[in-house]
Amino acid sequence: RNSSDERPPSSAENMKKRKYDDKVINHPYVFAEGIPLSTEQDKDCLSPRHQFIRHQILEIFCATKDDISGRKHNKKVHIGQAGIRCVFCSQAPYKERAVRSFSFPSSTTRIYQSVTVMFHHHFNACSYIPDKVKRSLLSLEGKSMNGATNTKQFWVQSARDLGLVNTEDGMFFEKPPSCQRKKAKVEASAKT
């Protein structure tokens, strides 16, 4: 056996193949801009507060080299790995952002928990979120949901519907988000 057979795969080789659920993703889809975390089914399955957070405050994005180098955590994050972030401070320098401005949940089952942590630590501290948005969010406190009884399962299923898959290295997009989702993001941005 020669020494080239024993070398670990390069990071480029690692990005080409990601195993999940006994299937290999050959080229996970990576996009430059964030897309809304919200789906059309949110209104039937989530509380008004969760709908607002998913539609107005958070987006899904793929990690870049800058995102990885700006992290202070020990958890390994890979280029192209899907995360969630605050849309209002996402373009600010890392040093200017409030704590928990973004998160890389290890799987779709951890998105709900990550959003909860972000809500408690980031939303009130973020100086980039307009006061009007903060007041709107506060006004939704305690409003009940109109539908689903299993909210956490809905978060998992909607992430899968968006094209997210769980891999041994975190969440990645298996397929590109639709053009409709990008259009919704542009419209949402115009409203704020």
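This is a predicted model: local features need pLDDT of at least 70, side-chain atom pairs count only at pLDDT 80 or more; totals for chains, interfaces and linings use all residues.
Which residues are buried in helix 7 (residues 151-161)? Residues are numbered from 1 along each chain as its sequence is written, and side-chain values use heavy atoms, with hydrogens and water left out.

**View 1. Buried residues of helix 7.** Helices (H or I, at least four residues) and strands (E, at least two) are DSSP runs, numbered from the N terminus. The buried residues of helix 7 pack against helix 2 (42-45), helix 3, helix 5 (111-121) and strand 7 (164-167). After helix 7 comes G163, with a positive phi near 105 degrees.

**View 2. Helix 3 (residues 48-57) and helix 6 (residues 131-139).** Their axes, lines fitted to C-alpha atoms over the stretch in contact, come within 9 Å and cross at roughly 155 degrees, on a scale from 0 to 180 degrees between N-to-C directions. The two helices are therefore roughly antiparallel (an angle over 145 degrees). In helix 3, R49, F52, I53 and I57 meet V133, S136 and L137 of helix 6 (contact means heavy atoms within 4.5 Å). By class, this contact has 5 nonpolar, 1 polar and 1 charged residues.

View 3. K134 touches F123, N124, C126 and I129, not counting residues up to four places away in sequence. The C-alpha atoms of K134 and I57 are separated by 9.8 Å, and these residues lie 77 residues apart along the chain.

Key. Angles under 35 degrees count as roughly parallel, over 145 as roughly antiparallel, 65 to 115 as roughly perpendicular and the rest as oblique. Ala, Val, Leu, Ile, Met, Phe, Trp, Tyr, Cys and Pro count as nonpolar, Asp, Glu, Lys and Arg as charged, and the others, Gly among them, as polar. Buried means under 20% relative accessible area, exposed over 50%, partly exposed in between (1.4 Å probe, protein chains only).
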